[in-house]
Amino acid sequence: LADITRDVLIVGAGAAGTTAANELRKAGLSVVVLEARDRVGGRLWTDVIDGAMLEIGGQWVSPDQDALIETIDELGLETFSRYREGDSVYVGPDGTLHRFTGEMFPVSAETEKVIAEITERLDAMVAEIDPDRPYAHPKAAEWDSITWDAWLRQQTDDDEAVRNLAFATGSAMLTKPTHAFSLLQSLLMAASAGSYSHLVDADFILDKRVVGGLQQVPLLLAERLGDDVLLNQPVRTLEWDDPSTGSGAGVTATTDSLTVRARYAILAHAPVLYDRISFVPSLPRRQHQMHQHLSMGFVIKVHAVYDRPFWREQGLSGTAFSPYELSHEAYDNTNHGDERGTLVGFVSDQNADDVFELSAEERKERILESLSHYYGPEAKNPVVYYESDWGTEEWTRGAYAASFDMGGLHRYGKDLRTPVGPIHFACSDLAGAGYQHVDGAIRMGRLAAAQILEADRG
Ligand code: FAD
């Protein structure tokens with residue numbers, strides 16, 4: 001006998017799951033959200049560490065992210081702009097620090113021309129990609145069989161241009177080495193943000209933050225669900241009835257302490273975690289195969305808090321880039337109304353692997369050393385220092401999100417969100433617009449809810 005019976009059970013209380021649950025509730029269906037962790041929010045996590053409020057997971061909102069912006073407004077949350085007065089900095093191949101303004105890195109005139117030309121080419125290709133159906137582009141197979149790095153190197157032999165172009169979808173977004181994913185995957189990443197140029201425009205892509213933290217979005221959505229969100233309930237097994245062969249009886253989930261029966265299920269978590277659940281009967285071959293070609297990127301988000309935002313005194317905005325630095329990008333991440341100054345830096349893919357070989361002390365030293373190349377020696381002495389390591393989080397396993405390996409997007413993309421009987425899928429990692437972002441999570445939550453409502457009417 002089931003402990004709980006509902007119309008829909010949702011696995012995961014992140015942005016996608018809490019959105020789907022609210023949409024279904026509004027349409028009159030009963031729901032329960034089962035969350036493995038002892039908190040709501042998944043990859044959104046605002047916490048106080050040594051007295052400093054930090055965004056351990058996602059935080060930025062960009063102006064094209066309509067679904068997220070609508071949700072923020074509807075929940076009555078306030079946003080504020082990232083600090084961006086003054087010069088940005090760039091560290092070149094010889095380690096020299098350059099100040100600059102605008103989006104173009106301060107490279108030689110020749111390299112600048114190459115970057116501008118290839119950016120134009122990329123924008124034209126991205127404009128042809130439907131982020132919801134990247135696999136449908138006539139050249140999808142071709143573009144999915146060449147790595148992002150190899151394609152860039154076919155366009156130019158200017159190494160600095162390649163590194164700067166590669167970075168926008170590589171270390172900064174998919175957080176995998178640029179030889180590990182395809183040109184098509186890179187174009188999808190850009191198409192999901194509107195254009196390649198949008199991705200390299202930090203003022204666009206990293207525009208605003210939510211006062212008090214972005215985790216409030218899933219927290220407030222969960223609050224509306226009251227007792228229908230259950231924490232510490234990792235779903236271990238999911239029995240489902242294939243409507244084409246069985247009675248259409250729905251799904252039964254078991255956790256360590258509960259049995260939940262429902263007519264439909266939504267798996268609202270990273271696709272790399274589907275195989276944490278035993279499906280009875282097993283999922284179809286297509287899903288078995290497809291899920292093996294999706295993997296998480298990996299990036300360390302580093303916060304360093306100082307008694308004041310000292311870089312502003314030097315006329316610096318805090319925005320810093322270098323494909324040659326351990327921390328390939330860094331920003332002013334000072335909280336709204338905070339007197340203290342906070343920097344956030346990122347250490348991606350193989351650089352992240354490398355520093356995790358070191359002791360915690362050495363790693364901190366290396367990362368702060370890298371920040372000091374951008375902001376000067378004061379950067380080495382924060383009052384609070386924190387590294388988010390989502391790689392050790394059992395219920396996430398990497399950051400920021402999952403993407404296909406070479407060839408996977410073209411081969412499997414069309415079935416990413418195809419329901420299997422009563423089982424639906426929703427997660428930022430399955431999104432078109434807003435792919436790998438909170439906006440995409442909300443869109444996918446809405447989509448799964450709409451699919452269920454349609455199936456229910458039929
Ligand atoms: P998740 O947030 O991963 O939620 C899934 C939930 O399911 C989790 O709570 C998990 O515990 C639970 N779960 C998993 N398996 C089970 C199970 N078997 N049983 C029960 N529960 C289960 N996005 C932006 O838009 N802007 C940013 O600035 C940004 N920066 C980021 C920085 C970092 C460091 C990280 C990690 C992510 C960032 N992102 C950013 C991405 C964004 O946070 C995610 O895309 C989004 O939050 C994912 O939401 P989701 O609901 O799809 O999945």
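Q: What does a UniProt position refer to here, and which residues does the unreviewed entry list for "binding site"?
A: UniProt positions are given in the numbering used here, and annotations may be inferred rather than shown by experiment. The model itself is predicted. For "binding site", the unreviewed UniProt entry lists E35, A36 and V235. These residues are spread over 201 residues of sequence, yet they cluster in space, with a largest C-alpha distance of 7.9 Å.

Q: Is A36 buried or exposed?
A: A residue is buried if 20 or more other C-beta atoms lie within 10 Å of its own. A36 has 21 such atoms within 10 Å, so A36 is buried. In the fold, A36 sits in the loop that joins β2 (31-34) and β3 (46-49).

Q: Which residues does A36 touch, beyond those up to four places away in sequence?
A: Contact is judged by C-beta atoms within 7 Å. With residues up to four places away left out, A36 touches Q233, P234 and W395.

Q: Where is V235, and what does V235 touch?
A: V235 is in the loop between β9 (229-230) and β10 (237-240). With 25 other C-beta atoms within 10 Å, V235 is buried. Not counting residues up to four places away in sequence, its contacts are V11, L34, A253, T255 and I277.

Q: How many residues surround the ligand, and which are the closest?
A: The ligand is surrounded by 41 residues, of which G12, G14, G42, G58 and S428 are the closest. By type, the shell has 22 nonpolar, 13 polar and six charged residues. Helices α1 (15-26) and α16 (438-457) each supply at least two residues of this shell.

Q: Which members of the largest nonpolar core touch the most other members?
A: A nonpolar core joins buried residues of nonpolar type through C-beta atoms within 7 Å. The largest core has 139 residues, and L9, I10, A20, A265, I266 and A426 touch the most other members. Helix α6 (residues 159-174) gives the most to this core, with nine residues. Taking A426 as a case, and leaving aside its neighbours within four places in sequence, the contacts are A16, A20, I266, A268, M444, G445, L447 and A448.

Q: Why is helix α7 described as largely enclosed by the rest of the structure?
A: An α-helix has 3.6 residues a turn, so residues three or four places apart point the same way. In α7 (residues 183-191), nine of the nine residues are buried, so the helix is largely enclosed by the rest of the structure. The buried residues include L183, Q185, S186 and M189.

Methods
Residues are numbered from 1 along each chain as its sequence is written. This is a predicted model: local features need pLDDT of at least 70, side-chain atom pairs count only at pLDDT 80 or more; totals for chains, interfaces and linings use all residues. Helices (H or I, at least four residues) and strands (E, at least two) are DSSP runs, numbered from the N terminus. A residue is buried if 20 or more other C-beta atoms lie within 10 Å of its own, exposed if 12 or fewer, and partly exposed in between; C-beta atoms are placed from the backbone. Two residues are in contact if their C-beta atoms, placed from the backbone, lie within 7 Å. A residue is near a molecule or strand if its C-beta atom, placed from the backbone, lies within 6 Å of it. Ala, Val, Leu, Ile, Met, Phe, Trp, Tyr, Cys and Pro count as nonpolar, Asp, Glu, Lys and Arg as charged, and the others, Gly among them, as polar.
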